Amino acid sequence: MKLLEDNKGLLTPPSESDKMYNPTLPTPSLTKAGNGDESNGAAGKSFPRSKSYQNETSETLELNNGDIIYLDFLEEGHSSFVLEGINKLRKQGQFCDIILVVEDHEIQAHRAVLAACSPFLFDFFSGLEETTEPLPTYKLKHVHYNGFQYLLDYMYTGRLHVPLENVPAVYATSLNLKMETATKICAGFLANHLTTANCLGIRRFTKDVAFKQAVDEYIRSNLKDIMLSKSFFGLTDLQVEVVGLDESITNEVMEQRFFSLVLDWAKENLNDLKPKLDRLVEKVNVLYLQSDNTLKDCAEVEDTVLSSEDDLVQDYKKARRRDKFKIKATSPSTNGNGQLFHKFNINPEEAVSVAEREWSIVAICKTSENAYLAIAVLDGRLMAITAHVRPVPPTNGDQSKEGSIVPDSPPAQSSNRHRLSPVLKKTSITPLQPMSSARCALGAVELDGKLVVCGGYDRGECLRSAETFTIRDNQWTKMADMNRARGRFGAAVLNGVIYVCGGSDGWKELSCVEKYDPATQKWKPVCSMLKERSNHSVVTLNDKLYCIGGCEGQRSITTCECYDPVTNTWSRIASLKTARSQACVCAAEGLLYVIGGTDLWNTLSSVECYDPQTNTWTPRASLNSARRGAGAGLVNGMMIVVGGSDGTQSLVSSEFYDFITNTWSVGPSLISPRANLSVVSVDSRLFAVGGFSGKKFLSSLEWLDQDDLEWFGHVPKLFDAPTQSKTQETIMNGGAVVDAQKEKRETSDVLPVEEKQQVYHINGSSETVPVNEQLGSS
C-alpha cells in the first residue's frame with residue numbers, strides 16, 4: 001500500500017471512507033503563538049523568509065524572533081458530523097465492540113459512546129474484567145426495548161423523538177441509566193400530559209421529588225376517576241381486616257395515620273423467603289391493633305387476648321398454621337437456546353435495602369362505612385390497600401345510635417363473635433405532636449393543666465424559646481421567649497408562677513433567675529441566686545424554691561439554696577453530703593429527695609433526703625442502677641426515676657422507690673432512651689419530655705399510664721382518663737417539681753418486705769403477684 005506524500009504531489013484513489021463521508025477540504029490557517037501579533041484563522045498569511053518548515057524530524061516551525069507557529073482550525077459541525085458517522089457505523093455493524101440483549105433484541109453498539117452518555121454504563125464497563133471475546137454480549141435485566149431503543153438513538157444523535165405512550169418507559173430507563181438531561185425532559189413532558197389512564201403507570205417509575213409531588217397531587221385530585229381506569233384494576237391489592245380499633249376514623253389525619261400503621265406492619269413482615277410482599281398479598285390479612293398502636297397478625301396473638309369464640313379470627317389462625325407447613329420450591333430460570341451471555345442488573349431498586357426503598361401513602365378515600373382504600377408505595381412498588389375496620393360491638397344492653405348494626409360489619413353468629421381484647425386501649429392511633437424543636441437539658445412544668453417547656457439546647461445551641469402543650473388538642477403553642485437563653489437549668493412552679501434558675505448560656509454559668517406570670521404573659525427578672533451554677537435541680541416545697549447541688553466550672557458542688565418569694569431573697573441551707581450535678585429531685589411527704597447524678601468522675605446511685613424542719617440531709621437506699629440526667633416524679637404513692645445516662649449510654653429503664661420499705665424496684669421501660677430529659681405530671685399522667693437518645697436530640701414526648709404502668713407515644717383517650725393516684729403528685733425533671741402532699745396511708749395497706757406484692761394487669765384483669773413469683777412467670 002502506498003503512502004501519500006503531498007510534497008511529491010502523489011494522490012490516492014477514492015477510498016470507502018471518502019465515499020461514505022466525502023468531506024470538503026477547508027484551507028488551513030497558521031497562528032503565531034507568543035508575545036507578538038497573532039492571526040486567528042487568516043488564510044494566506046505571509047511570513048518572513050527566515051521561517052522553518054516542520055519536517056519528519058519534528059523540527060518546530062519558528063519565526064526569526066523565536067516565536068512558535070500553530071495550525072489553528074475549528075470545523076463547524078464537526079461533533080455532529082462525527083456522531084452521525086458513528087451512528088452509521090452502528091447501523092451497519094461496523095467497529096462495534098459490544099452486544100446488548102434487551103428483551104428479545106440484540107443491539108450492537110460502541111461502548112465508548114454508551115459510557116460517554118450514561119454514567120451507569122460507564123461505571124459498569126469500568127468494572128469489567130478483560131475478556132478475549134471479540135464481541136462480548138451483556139443482557140440488560142428489567143429494561144424494556146421500547147424504552148431503551150429511543151435512548152440509544154438519543155446517545156448517537158442527541159435527539160429524542162418518542163410517542164407519548166412510550167415516554168414513561170424512556171423516563172424510567174433514563175433514570176436507571178442516570179441520563180439526567182433525558183430524565184428531566186421526559187419528566188417535564190409527562191407532567192404536562194397526565195391523564196387518569198396513565199398517571200398510575202407514570203407513578204410507578206417516578207423518582208424525582210418535584211415530579212413525584214406533581215403526580216401524587218394529580219392522583220389525589222382525580223382519585224375517583226382513576227379508580228374506574230384499567231390501570232387501577234391492574235394494581236396489586238393488599239387486603240387487611242383490622243380488629244381492636246375502638247375509635248372512629250373521622251378525618252384525613254386519622255386516615256393517614258391508620259394506613260401508616262399498615263405500612264409499618266408490612267415493612268416489619270418482609271422476610272427472606274418472599275421479600276417482595278408476595279406473601280402478604282396472597283390472602284386477606286387479619287390484624288390486631290395492640291395497646292402500643294402497632295398492628296400484629298392475629299395468627300401470632302394469643303387466644304387469651306382474642307376471643308376463642310371469634311369464628312373469623314380462629315379460622316384465620318388455622319389457615320395460617322397450615323401455611324407454615326407448605327414449602328414452595330422454585331427453580332432457576334434458564335436460557336431456552338442455551339446461549340451463554342453475561343447478565344447485569346440495571347434496576348437500582350434491587351441493590352438497596354428495604355428501609356431505603358420507598359414506603360409512602362399517595363392517596364386515600366373512604367369507600368363505605370368502616371372500609372377504606374389507599375394507593376400506596378410499598379417497598380418501591382405501587383399497590384392498592386383495601387382495609388376494613390371491624391367495629392367494636394356494643395356491650396350487653398347498649399344500642400347503636402340508629403338501633404341497628406353497621407351494614408358493612410359481618411353478621412354476628414353468637415353473642416361473643418366480635419369480642420376483642422379485654423385490655424381497654426388507653427390511646428388514640430394519633431401520635432403525640434413533638435415540640436417545635438428538639439430540646440435537651442430543658443425545663444418543663446405543669447401550669448393551669450398544660451405542659452410548659454422552655455430553654456434547653458439543641459446541637460450545642462442554648463434556647464430562649466418556650467411553648468405550651470394542650471393534651472386535649474394535641475397541639476403546641478408558642479409562648480413569650482425567656483430574657484436569657486439557658487440550658488442545664490432548673491424550673492419549677494410556685495404560687496402559679498414559673499421560675500427558671502441559673503444554668504448555662506453556652507458560654508458561662510448563670511446565677512440569674514426570672515419568672516413567668518401567666519397573667520401578663522411576660523418574663524420578669526427576680527433576685528439572683530447566691531452562686532452561679534448549672535446542672536442543678538430546683539423543686540418547690542412549702543411555698544419556697546429549693547436549689548440543690550449542680551456544678552461550678554469543672555467540679556460538682558454540695559451547696560444548696562432556698563428562695564422565699566415573700567422577701568425575694570435567697571438563703572443557704574445545709575449542704576449535700578455528696579457533691580453531685582445532673583441529679584433529679586422530687587418532693588414528697590414534706591421531704592426532698594435528691595437522686596443519682598454525677599460527681600464529674602463517677603455516675604452516682606446514692607440518694608439523700610432533706611428535712612426542712614431539721615435542715616439536715618440523711619442517706620436513703622441507693623438506686624439499682626447508677627444514673628445521671630434522669631427525671632423523677634410520683635406514681636401511685638411511689639416515687640419513680642426515669643431514664644438518664646449510666647455514663648456510657650442513654651437509658652430506657654426506670655425504678656420505683658417505696659417510701660415505707662426504703663427499697664427500689666424495676667419499673668416500666670420508656671419507648672425511647674432519654675438522658676437529660678424532663679419529667680412532669682399533667683392531668684394525672686406522667687410525661688417524659690425531650691432529652692438525648694444517645695444519637696440525636698429529641699423533640700418527642702411519651703406518657704406513663706399509671707394504671708397499667710406502660711409508656712405510650714400516642715394521644716391519651718381523655719374520656720378514659722386514669723383514676724387519681726393516692727398521692728397528689730409533683731414531678732421533677734432535673735429541674736421542675738410541683739408540691740406533693742402526703743395522703744394518709746392505712747397500716748393495713750403495708751406489706752412486709754419479704755412478702756411485698758405488686759399489682760400487674762394481665763390480659764386486662766388485675767392480679768396480685770408476689771415479687772418472688774414475677775421472675776418465674778412468663
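Visitor: In what order do the six strands of the open sheet run?
Guide: The order is β8-β7-β6-β12-β11-β10, and the pairing is mixed. The edge strands are β8 (295-297) and β10, each pairing on one side only. On average, neighbouring strands of this sheet are turned by 30 degrees against each other, direction ignored. Axes here are lines fitted to C-alpha atoms, for helices over the stretch in contact; angles run from 0 to 180 degrees between N-to-C directions. This is a predicted model: local features need pLDDT of at least 70, side-chain atom pairs count only at pLDDT 80 or more, and totals for chains, interfaces and linings use all residues. Residues are numbered from 1 along each chain as its sequence is written, and side-chain values use heavy atoms, leaving out hydrogens and water.

Visitor: How many bridges join β11 to β12?
Guide: Eight, and β11 and β12 (residues 381-389) run antiparallel. V377 has L382 as its bridge partner in β12. This hairpin also has two residues between the strands, with D379 at a positive phi near 55 degrees.

Visitor: In which sense do β6 and β12 pair?
Guide: Parallel: strand β6 (residues 236-243) pairs with β12 over seven bridges. D237 stands opposite A384 in β12. Helix α9 (residues 209-221) packs on the sheet, touching β10 and β11. Contact means heavy atoms within 4.5 Å. The direction of α9 makes about 0 degrees with that of β10.

Visitor: Why is strand β11 described as largely enclosed?
Guide: Eight of the eight residues of β11 (residues 371-378) are buried, so the rest of the structure largely encloses the strand. Buried means under 20% relative accessible area, exposed over 50%, partly exposed in between (1.4 Å probe, protein chains only). A371, L373, I375 and V377 point one way; Y372, A374, A376 and L378 point the other. In a regular strand, side chains alternate between the two faces of the sheet.

Visitor: Why is C440 called buried?
Guide: The relative accessible area of C440 is 1%. The cut-off is under 20%, so C440 counts as buried. C551, at 6%, is buried too.

Notes: Helix = DSSP H or I, 4+ residues; strand = E, 2+ residues; numbered from the N terminus. Pairing = 2+ DSSP bridges.
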